[in-house]
Every structure is written in structure tokens, then in C-alpha cells.
Amino acid sequence: KALTMRTHTALAGRGSSSQIPLSPSEAAEARDALTRHLYQHLFDFLVLRLNAHLAPPSSGGKGGEEARSLMLLDIVGFEDVGSNSLEQLLINYANELLQRLFNAHVFEREAALYKAEGIDDAAVSYTSNDAVLAVLSAAPYGLIPLLEEQGKLGERGSSAAFSLEVFRHHGRTRHVAKPRRLSAGEADGRVFVVSHFAGDISYDSRHFVEKNVEALHKDLHDLLPLLAGYAKVVLATTMPTAPPPRWGKKKTAGKKVPSATAKIRGSFGISSTFTSQANALLETLQSGTPHFVRCLKPNSAQTGGDFDSALVLAQLNS
């Protein structure tokens, strides 16, 4: 029922409640939001269990020797699936961070070593991605901060307004542009192109704000404690205490309560959580001694026995 109806509580008068049917598109959005919510908690649950089993034993010695670890990070690479959305933007932001780490440890340290030994470091040349990282994440006008700002505006925020802000602040820079051609289903003014380290990637800003806020309406939020089986175990582990719903707060005397579908002002969205985790990963990598294994794509068709020498050479020169 929570997937097809929602409860609306009037703010005026005695706060009477009524059941409002969801349209097919609203019901589909509610279904997808609940699925993503459960998937997120399942993922968090697995990470918690794996970390608990893989944690090194605490040292019993008086010296308190710190346990050492060897970590492997499989970098997926920049993602371009044709019709790219918020998921691809965040994945590509993480790849920009990792590319920055690679530049610092390989090129910048090598150039510093050349200088220290009195050798001309002009031969150590590389393409810096600092500027595109600033476009993506630098406050207050980076793409991710602009997206977070729309979420904080509540009902006044929208994906269309986010797209306008992107072009207003970055439309004249060399890292953000409008697409030369639009694909089927794309609308002018809604699609923007980011010049990533790996090349130009276009993003369709539809549903950016909705995906970023990802708030369950009240009926779906009330449904979570009623889930049984393994879902109940997962939620009990990842949500040990019930947080106040993102759609509002408990009713207090003399104060109005936000409607069940309102987005809470000042809340942090998925992109904020993702960037915090990505930067925490970067700090962990920087605290160790990274070594890199570079993988080259033999062809773009993902087929066996096909070696595209021009493509491989371009990767070696990048």
C-alpha cells in the first residue's frame, strides 16, 4: 500500500490525515527509492561484516605495535554510458581524485627528484586535472556544491534550476559546455558536458536533485521497521537507532510540522556523503606507499584477439 498511496497530514486545523493515490510515475519513483534505500543498507551491512572479520588482531604487546595491512584498489575507470546521470558524475569524480593521486606520486615526485639532483625536469610533463576537480567539488560553485544547495532549498530546489546554475557559473569556462549534438530524449539546456581527464563526457541533469535527496515519504519510512527476515537483521545492524525522518521532525506544541513529502532544509545529500567517503579513501591511500599497475585497453569493442595499436599508443602517451 505504501508504494501506491501516501498519507497527507494537513498543517492547519486539527491536522487531519488523508490517503492520496500515487500516479504511476510517482509509484515507480517510490518503488525505486525504497529499493535503493534497502540496497544501500545491505551494502553497508556487508562492509561492516567484512571489516569485522578482516580486522587485524589487536597487539597484546606493551609496545602497542600497529598492525600493517596491504590494500588492493581496483580502479574502474571513467564511465560514459551514453546517457549519463548523477551516478556517473560521482563515479567520474572519484576517478579524478585517483588520477590526481597518481599524478602526485608518479609525475610530481619524479620532477622533485630531478630538481633535487640538478637535472632538468622539463622532460617530466603531464596533464594536471586540478582545474576540473575544482569545477566538480570546490565550494561554493562547484557542480556538487551547487547540487547540494538545490537540495537544501526544499520544494524550491529542482534539477532544472541546478542545470541553470551550472551554466551560469561554468558556461564560459573550458571545462563545462553545452553538447554539440543532442541524443534522442535529451533536451537543450538540460545536458552539460564536462571535460574530464579522460575526455569529454555529457550528463543529463534530469532527476539529479531527486536522486541526490533520495528521501522516502512517510509511509515508506514507517514501513521499514515492519520488514521481516534478513532485511530486518540488516536494518537493525545499519540503523541501530531510528533517526528522525528526513521528511520532517516530531510534532511539538505550538509549532508547525513539515508535510510528509517535504525535503528537510539543510540536509546533506548522497553526493555529499559520496565525496566525504571518496576523500577519506584518498587520505588512506596517501598515508601508505602506493604502487600502481597500469592496465591498457587493447580495443574499444571489448572483443578478444583485437589489438588496436593506435588506441594503445594513445593510452601510453596520456
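Histidine 207 is found in the loop between β5 and α6 (208-213). Here helices (H or I, at least four residues) and strands (E, at least two) are DSSP runs, numbered from the N terminus. The structure is a predicted model, in which local features need pLDDT of at least 70 and side-chain atom pairs count only at pLDDT 80 or more, while totals for chains, interfaces and linings use all residues. Residues are numbered from 1 along each chain as its sequence is written, and side-chain values use heavy atoms, with hydrogens and water left out.

**The chain as a whole**

- The chain holds 10 helices and five strands.
- Of its 318 residues, 31% count as buried; buried means under 20% relative accessible area, exposed over 50%, and partly exposed in between (1.4 Å probe, protein chains only).
- Among the contacts in the chain with a separation of 6 or more, 57% come from residues 24 or more positions apart; a contact means heavy atoms within 4.5 Å.

- Most residues other than glycine have a negative phi, and most peptide bonds are trans.
- Histidine 207 is not a glycine, yet its phi is positive, at about 70 degrees. Histidine 207 counts as partly exposed because its relative accessibility is 42%.
- Glutamine 302, also a residue other than glycine, has a positive phi near 55 degrees. Glutamine 302 is placed in the loop between α9 (270-287) and α10 (309-317), and with a relative accessible area of 74% it is exposed.
- The peptide bond leading from alanine 139 to proline 140 is cis, and its omega is near 0 degrees. Proline 140 belongs to the loop between α3 (130-137) and α4 (143-152).

**The three-stranded sheet**

- Strands of a sheet pair through backbone hydrogen bonds, either parallel or antiparallel.
- In this model, an open sheet of three strands has the order β3-β4-β5, with antiparallel pairing; two strands pair if DSSP finds at least two bridges between them.
- The edges are formed by β3 (176-177) and β5 (199-204), each of which pairs on one side only.
- Strand β4 (residues 191-196) is joined to β5 by six bridges, and the two run antiparallel. Valine 194 stands opposite isoleucine 201 in β5.
- Helix α5 (residues 159-170) packs on the sheet and touches β3 and β4, and its direction makes about 45 degrees with that of β4. Axes are lines fitted to C-alpha atoms, for helices over the stretch in contact, and angles run from 0 to 180 degrees between N-to-C directions.
- Histidine 196 lies in strand β4 and counts as buried because its relative accessibility is 6%. Not counting residues up to four places away in sequence, histidine 196 touches Phe78, Asn92, Glu96, Val132, Leu136, Ile201 and Tyr203.

**Helices α4 and α5**

- The axes of α4 and α5 are 10 Å apart, and the helices pack at an angle of about 145 degrees.
- From α4, Leu143, Leu146, Leu147 and Gln150 meet Ala161, Phe162, Glu165, Val166, His169 and His170 of α5.
- The contact of α4 with α5 has six nonpolar, three polar and one charged residues. Ala, Val, Leu, Ile, Met, Phe, Trp, Tyr, Cys and Pro count as nonpolar, Asp, Glu, Lys and Arg as charged, and the others, Gly among them, as polar.
- Serine 163 is also placed in α5; at a relative accessible area of 2%, serine 163 is buried. Residues up to four places away in sequence aside, serine 163 touches Gly189, Arg190 and Ser205.

- An α-helix has 3.6 residues a turn, so residues three or four places apart point the same way.
- In helix α8 (residues 230-238), the residues Val234, Leu235 and Thr238 are buried. These residues cover an arc of only 95 degrees around the axis, which puts them on the same side of α8; the arc is that of the directions from the helix axis to the C-beta atoms.
- The face of α8 turned away from the buried side carries Lys232 and Ala236, which are exposed.
- The cover over the buried residues of α8 includes α1 (24-54).
- Histidine 41 lies in helix α1 and is buried, with a relative accessible area of 8%. Neighbours within four places in sequence aside, histidine 41 is in contact with Val234, Leu235, Thr238 and Met239.
- Histidine 41 and threonine 237 are 196 residues apart in sequence and 8.9 Å apart in space, C-alpha to C-alpha.
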